[in-house]
Amino acid sequence: MVYVEWLRVRNCLRILAIVFGVLFLGAAITRVAVNAQMDQTQAWVAREIVKPGARVSHERLSDGATRTTVDVPSDGDHIVIVDRGWHGKAITISGPGITNDRNANVQIGSVRVHAVRSTPQGGSIEVETDEAVSARVLLLFSSFVALIVGTFLAGPLAKENGNHLEIAWTKPIGRERLALGLFAVDAVGMLAGMAMTVVFLVISTALFELPRIVVDSQTLAVLALSVFMPFAWYALLTAASA
Amino acid sequence: MPVVLTVDPRSGVPIYQQIVEQVKRSTALGVLQSGEQLPTVKQLALDLTINPNTVARAYRDLERDGVIETSPGRGSFVKGDGDAASTRAAASDVTRRAFEGAVREAKSMGLLRADIDRVVDTVLDRWFPEER
Amino acid sequence: MNITVSHLSKKYGSLAAVDDLSVEIPAGTIFGLLGPNGAGKTTAFKCMLGLARGSSGGVTFGGKALAPPLFESIAYVPERDVLYDWMRVSELVEMNRRAFARFKADRAFELLATFGIDTRKRARALSKGMKTAVAAAIAFARHADLLVLDEPTSGLDPVNQRHVLNLMVNEAARGATVLFSSHQIGPVERAAERIAVLDRGRLVLEGGIDDLKSGRKIVEAIFPNESYSLDGIAGDPRVGRIDRSGRIVRVMALDAPSEIVQKLEAAGGTGVRIIDLNLEDIFLYAVAPASATADVVEGS
């Protein structure tokens, strides 16, 4: 019976893996598209640098990062690239050549793009690739996924329609022990669902840039809450279906 | 065993009785020789798809009637020293059963012993003309 | 493993599905539970195995009351919906291997092969008969002391039906007790040693098939005219029923038919003969309302 529940959990997680796989594929395609965009941006920077009169200066900062500043007096563009090596880059581009039709502040993983709406004097774009990602976001999202997994697995005994329940009751194992075994398997299934979600999120964002996950004082409380919520939901459904 | 026993479970005759009668008939006809081994209870039960206890009951009856003997661990064997006497005894047994049915019917139809006697004589005359 | 059922009852509202059933099933027998559809055979099994709530009465298995560890040696196959449709046959075998210490997976695969079942298939891809066969094969691989099989031959073709019966015989030869139900007479008449007949929840007949066949006969007599008396016969406890049709009298003997013959002859009957009854006749006499059978006899 517990074996049957394992198979059920396995099937459930398999579907989850397929969904994540599809989403990951989407992320990978996006990554390639972004790459093309980055190539254009790099080409633009390269063109700026070779423009007549462009001033390029390299500077080593006290924390070991390298700051590259490009000034193009001919069209007034200003580029600052701070390369912190493993800790990502911060790029700021400003000048009359930058035209943003609106403000934008988008963060995917650790990559944040901040565009300021252009004025007649020009606009600016800031790209930060080492933005902090709170573990809370990951946990809450995975908690939501575990909730869905729990919905599928809940009420394992109520699911035994017709004679399946009789098959369960005619095993040489007490009914309480059997029920506990089933709940334990489902619990493992939900935790596995959470873990899969975290791994999926980290890998997908790492496609773009390795995320800097920040664990703070509240993380533990959020973790507890994220685990508790799907379990409470599972218990509720199971009790309702019993 | 060369004899293939058959049973008809749908008959009104108990299955164990069918086996008993068939084994008796086979020994009377000499199809089952004395000393010949019968299949084990389990084997016959599986061959005929009938209850093992039914076969065991038939074997017990056959043993009681002195047709077979069973020795633990060896199996069941057709009894007798192979002499004519035992074969005749078995044959007589089969004949008597058939006869009894006919006589019962005759009696119930109101025939008297003398009437039946005459009928038997007629039949015997036909089959044993030389002993008339 | 012998089973003792005493005063087992189960009511649905005012309707008794099983009505005060008491029966003793000796160890090592093949015991057939017969009855028309809806007679309460399935409910009786469920009550015995503690699967029906609100049933009263007692059941012991080998002298012991039912407890989970006992299910190691009891193999129960419900009538239908036994298999998880979404599972593969091989997974069903694995499920049993994990649940029962005495389960022999090799034996199960061997039996499944003889039934011609592809173990990679999912249960939902199997026909009704094949599902029955899978459930049976798994039960016979349990090496159980008691098999409780609810309609184990239904939906099977004659070859596989014979195969299942042979496996039952094999289990009995091993010393196991086999309790099975059927609404068909054929399989029971062939393989069972003892039977119980249920009708509307009540036990109407119980005994060894061969004993029933030896004892239960129809004795027919013809009387010279219609003014005859059956006084000494009608009150005999060994007489089940008497059907009269003019000068012909048919007496159902429950036991000792030859003595009934003598009584009929003494009463002036002629042409007295004994008519054998097969299990179907015995069954019908047991479950049919007396008037219905009498009508048939009167009309003939």
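On the side of domain 1 that touches domain 2, the elements giving two or more residues are α6 (185–191), β9 and β10 of chain C. The largest share of this side, five residues, comes from β10(C).

One salt bridge is found across the interface. Lys213(C) forms a salt bridge with Glu189(C), their closest N and O atoms being 3.1 Å apart; the rule requires a side-chain nitrogen of Lys or Arg within 4 Å of a carboxyl oxygen of Asp or Glu.

## Basis of the model

This is a predicted model, in which local features need pLDDT of at least 70 and side-chain atom pairs count only at pLDDT 80 or more, while totals for chains, interfaces and linings use all residues. Residues are numbered from 1 along each chain as its sequence is written, chains are lettered from A and ligands numbered from 1 in the order in which they are written, and side-chain values use heavy atoms, without hydrogens and water.

## Domain arrangement

Chain C is assigned domain 1 (3–208) and domain 2 (212–299), with bounds from an automatic or database domain assignment. The domain centres, taken over C-alpha atoms, are separated by 36 Å.

Key:
Helices (H or I, at least four residues) and strands (E, at least two) are DSSP runs, numbered from the N terminus.
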